[in-house]
Amino acid sequence: MRNLLCCAAMLAALTACTALAPYASDEDIAAVAFRGDGPKSVKLMTVINSSSGSGAHSALLIDGPQRVIFDPAGSFEYGLIPERNDVLFGISPRFEQAYKSSHASEKRYIQIQTIPLTDAQAAAAYQAAVNWGASPAAHCTSATSGVLKSIPGLESIQSTWYPRKLAEQVARLPGVTEEIYSEGDSASLEEAVDALDAELKQQRWNN
C-alpha cells in the first residue's frame with residue numbers, strides 16, 4: 001500500500017467541509033508543539049477535483065511560533081494531533097505528509113502555494129488562526145481568506161467562498177511559489193489506518 005506511513009495520521013475521510021469544534025487543552029497543545037527550523041511561511045493548500053477542476057477545500061499550513069494547520073470546517077482527525085476549533089497542532093513533517101495524503105487520491109490533488117513571511121507576519125498568522133474559532137460547515141475558504149487577509153502585508157486578499165478564486169489571488173502575491181501534490185493510491189483510508197495501527201503496535205512490542 002502506497003504511503004502507509006504517510007497515511008498514518010488519518011482517521012477521517014477527506015471530503016471538503018464539515019463543522020467540528022474540538023477543544024484541546026493547553027497541556028496537550030504544549031506537549032506536541034513543533035517548531036520548524038526553516039524560513040517562516042504560510043502555505044495555502046487547495047484541494048481540487050481532478051475531473052471537474054473545481055475546488056473542494058482550503059486550508060493553511062502556518063510555519064510560525066508553532067507549526068500548525070488551520071483546517072476550517074475540515075474533516076481530518078487523528079488522536080495524536082490535538083485540535084482546538086479549526087487548528088491542528090504539532091504538525092511535524094510526518095503529520096504534514098499525513099494530512100496531504102489524506103486529501104490526495106485518484107480523484108483529488110492539492111495545489112500548494114507558499115507565501116514567505118517575516119517572523120512578525122508568521123506570528124500574526126498563527127494568532128489569527130488560533131483566535132478564529134470554529135467555522136461552520138462550508139465556510140472553509142471564507143475562513144481561510146479571512147486569516148490570510150489579516151496578516152500584515154496581505155491585506156489585498158479579498159474574502160471569497162471559492163477555493164480556486166482564493167488560489168488565483170494568492171498566485172498574484174510577490175514571492176509565491178507553487179507545487180502540485182498528487183497520489184494515485186486507491187486504497188481506502190480505513191485500510192491505511194488499520195495497517196498503521198498494526199505497525200505502531202509492532203514497534204511498541206519490539207522496543
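Guide: Start with contact: heavy atoms within 4.5 Å. Keep in mind that this model is predicted.

Visitor: Which residues does Ile 115 touch, leaving out those up to four places away in sequence?
Guide: Ile 115 touches Ser 41, Val 42, Leu 148, Leu 154, Val 170, Leu 173 and Val 176.

Visitor: What makes a set of residues a nonpolar core?
Guide: Its members are buried nonpolar residues, joined through side-chain atoms within 4.5 Å. The largest such core here has 27 residues. Ile 115 is among those with the most contacts inside this core, along with Val 42, Leu 60, Ile 62, Phe 70, Leu 148 and Val 170.

Visitor: Which elements give two or more residues to this core?
Guide: They are β1, β2, β3, α3, α4 and α5. The largest share, five residues, comes from α3. Apart from this core lies another, of 17 residues, including Ala 59 and Phe 76.

Visitor: Why is Ser 58 called buried?
Guide: Buried means under 20% relative accessible area. Ser 58 has 0%, so Ser 58 is buried. This residue is found in strand β2.

Visitor: What makes the link between the side chains of Ser 58 and Thr 141 a polar contact?
Guide: The cut-off is 3.5 Å between N or O atoms, one able to donate a hydrogen and the other to accept it. The side chains of Ser 58 and Thr 141 are joined at 2.9 Å, and that counts as a polar contact.

Visitor: How do you know that α4 is mostly covered?
Guide: Count the buried residues: eight of the 10 in α4. Thr 141 is one of them, and so are Cys 140 and Leu 148. What covers them includes β1, β2, β3, β6, α3 and α5.

Visitor: What is the order of strands in the open sheet?
Guide: The seven strands run β4-β5-β3-β2-β1-β6-β7, with antiparallel pairing.

Visitor: Why are β4 and β7 said to stand at the edges?
Guide: Each has a single partner strand, so one side of each is left without a neighbour in the sheet.

Visitor: How do you know that β3 and β5 pair?
Guide: Pairing needs at least two bridges. β3 and β5 have two bridges, so they pair, in the antiparallel sense. Ile 69 stands opposite Leu 88 in β5.

Visitor: Which strands does α3 touch as it packs on the sheet?
Guide: α3 touches β2, β3, β5 and β6. The direction of α3 makes about 125 degrees with that of β2.

Technical notes: Residues numbered from 1 in each chain as written. Predicted model: local features only at pLDDT ≥ 70, side-chain atom pairs only at ≥ 80, totals over all residues. Heavy atoms only, no water. Helix = DSSP H or I, 4+ residues; strand = E, 2+ residues; numbered from the N terminus. Buried < 20%, exposed > 50% of the residue type's maximum accessible area, 1.4 Å probe, protein only. Axes fitted to C-alpha atoms, helices over the stretch in contact; angles between N-to-C directions.
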